[in-house]
Amino acid sequence: MLSNLGSGGGKTAKPSFVSYVTPEEIKSEKELYKKENQPDLLPGEVVFCSASTVLKYTQDELSQRGVFGTLLCTNFRVSFVSDELQAEETCKVFKNKLYDENDIPLACVDNIYGGYEDKKKLITGGQVKNKYPSKMIIHCKDLRVFQFSLTYSKEEDAKKIFQGIVHHCLEPKSLRCVYAFSYCESTSCPEMQRNERTMLFDCPEDWTKDMKRIKGNCRLVTENSNFQLSPKLPQFFIVPSNVSDEDLTKFQGNGLPLWCWSHHSGCALFKTASLPLPQEDNVSQKYMDRMLTAVAHNHLYSVKTEDLSDTLPTVQDIQLSYNKFKQFFLIDNTTEFWMSDMKWFSSLENCGWLDIIRQCLLKAVEVVECLEKENTNVLIMEESGSDLCCVISSLVQLMLDPHYRTLLGFQSLVQKEWLVGGHAFLDRSNPLHLKEKVESQSPVFLLFLECVWQLHQQYGPAFQFSETYLTVLSDSVHVPIFATFLFNNDCHRASVLRAESPSSQRALLNCPSVWDWWVQFDCGAQDLFINPLYAQKSRHDRSQRKSHRPKHQRQLSLPSSAFKTPSKKGFFKDEADSLKKILGAKRISRWMVSPSSDYPPTSSAKEFYEAWQTNPLDYHGMLLPCLDGPSIRVWMQRYLRWIHDVQILGGGPVAMLSKVSELLAEVQEMRSELDRHACSATSNHRGAMTRTRAKTTAEDSSRSSVRLSSSFPFVTSRNWSFKPAIPTSMLQGLMMTGVAGDLASRDDDGSDPGTMV
């Protein structure tokens, strides 16, 4: 009976499935899917090589889990496109329009490691031949870590994608190969509007406007508009009034005091590049004496000089320290991270990076003391005049001038002191991977941003821009689209952009500036650049402060004849000339004692800080950082945003700031409502009030749809499965009792982030 049932009566069953899709249609669908499995290419972007069936590992643990997809290398980035269908995100709060979360700009690649049979080997350019590793690990300069398995890809594709990524990311190349030039030739970049904009200091009007704002009394030099004086100097710059035209042409700009900022008392801050060692004829020494005299004549015939090369770490020391520091945040997996938990803080301190930040802030405080308390001119110098001089001069202006704590003011400060000031961004970042520039690499600009962040976290309401803005700016240095960070100085920038211009005329190639934030982010994302707790100065407070500003006085040893009654009309002129000679000879002096790296800070700077602390805090006045050990902190948002296990779900400074900003918005809405009721109670105002409230409610609901964490807005917790982090000091004891496994298996309860603040 069973045999009869199985044989079906001796007749063969006909297939019942009927296909309504032709083989040609199936082939076209596959080709369409293959085309869609690529990133949206930018103008001028070209795909060099790709490999499918690449496994991108997750960072959660050592379970070798991941997502399959296609790995591509273009002339702009390394990109991974997942094979899984991505759920449409209803609210992408912070999305970069140039590259996605699985994209790595080529200039952002720091190191590449190959995995060979559980061994990790550093890959360098020129060593890649026919072999390729089964696993590729990419460390990024923004501290992201990507791990790709090439085991499941075709051998030929795996070899091409590995060799292509290593070639385009690590091997030496010319500046013309940078993607910025292809991008600029393929798209049009509208110029920034001149009314409400960042001052670029590329025209005499910007310099005149800035000096007029702070009532400086120095001289604007325009003779270098075509770099005929020196290629090292900016096109336009300001020097003391007593510098002669002949002195402008000496020593290629070395030793020439460049104006940075003027104090309201009349003294000013200058910087310069050090002159070479004096020759037998003492020409350089005589020239330097004339420059010191010119600086001294700027105000009260006094000047203090500081050679930063003697008192601060070298650029090589900064590079070595940061290389040690960043290793604590380049985590391949979370197990490796928790293994270093016991000695994490002590290891951070021993690498010296936080100590270098403290030294730079201390040096800036000492310069502020000379300007604010002693009212003397200050001339800072170093070998190049464009590294640590930029750090110190910028910090001094941030501490003394509230204008530079606004968003546009800060960008103008970076433009003036760093871009126009001649900081060698190309050499310091070395995105071309030139072997002769390896020793020149140093994160000097990042050091400055670190110091700014320390001030920001101590005096948040004094800054209009947010911590997120600083983090994005540090990332943008390694996005090879903007002309801002691609060159060494003004002359280098102008010559390259003119040579690459497609027009036959001598017009410069129009590349976007990093301050064109619309290139990277939409308006909603740019709103996160603004600090909601910024204490904006009212007009009434500004006029009140100007009327009550105390005048600074100096105690000078004047000649006895200065106190006699004048016997003739020309007395004041004669005595003034005599006083100039006396003060010019005696008041020009070197800095008496240069602070060393010994801590606590020098007694003078400490007394100056303690005296300042006794006064009420004015967020629009002078700000001095606290330099005690616990006050210098780790920039958590920048360094820990990609490590999942250290994120605080629904908490951290970002969540707290978000809650406070919501309360602030409600207070402002209530205040506006009261103002409207005071003016009129018509229905039109009520309708406008209802629309405003609806808009605010929509924005709040949009924000609350994303689960905030301490890494917001760079990482959202919508797709995360949070598990409680167990310190390694407790791990062994919990393992013995079996509690650890139970705790690790529990996911987060998904409570509302608003209730956890």
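**Close-up views of a predicted chain**

**View 1. Charged side chains over tyrosine rings.** Arg-213 lies over the face of Tyr-404, at 5.2 Å from the ring centre. In a second case, the charged end of Lys-135 is placed over the ring of Tyr-57, 4.9 Å from the centre of that ring. A charge sits over a ring here if NZ of Lys or CZ of Arg is within 6 Å of the ring centre and within 35 degrees of the ring normal. The model is predicted, local features need pLDDT of at least 70, and side-chain atom pairs count only at pLDDT 80 or more, whereas totals for chains, interfaces and linings use all residues. Residues are numbered from 1 along each chain as its sequence is written, and side-chain values use heavy atoms, with hydrogens and water left out.

**View 2. Aromatic pairs.** The count comes to 38 aromatic pairs, where rings of Phe, Tyr and Trp (its six-membered ring) pair if their centres lie within 6.5 Å, and planes under 30 degrees apart count as stacked, over 60 as edge-to-face and the rest as tilted. The pair of Tyr-179 and Tyr-183 is tilted, because the ring centres are 5.9 Å apart and the planes stand at 55°. Both tyrosines belong to helix H4 (residues 179-186), four residues apart, about one turn of the helix; helices are DSSP runs of H or I with at least four residues, numbered from the N terminus. Tyr-179 and Tyr-183 are both buried, a word that means under 20% relative accessible area (1.4 Å probe, protein chains only). Phe-521 and Phe-529 form an edge-to-face pair, with 5.7 Å from centre to centre and 85° between the planes. Phe-521 is buried at a relative accessible area of 3%, and Phe-529 is likewise buried, at 1%.

**View 3. The largest nonpolar core.** Leu-395, Phe-410 and Phe-448 touch the most other members of this core, which has 160 residues. A nonpolar core is a set of buried Ala, Val, Leu, Ile, Met, Phe, Trp, Tyr and Cys residues joined through side-chain atoms within 4.5 Å. Helix H12 (residues 353-372) supplies the largest share of the core, 13 residues. Leaving aside neighbours within four places in sequence, Leu-395 is in contact (heavy atoms within 4.5 Å) with residues including Cys-360, Leu-361, Ala-364 and Phe-448.

View 4. Across the chain of 757 residues, 48% count as buried.

Key. Buried means under 20% relative accessible area, exposed over 50%, partly exposed in between (1.4 Å probe, protein chains only). Helices (H or I, at least four residues) and strands (E, at least two) are DSSP runs, numbered from the N terminus.
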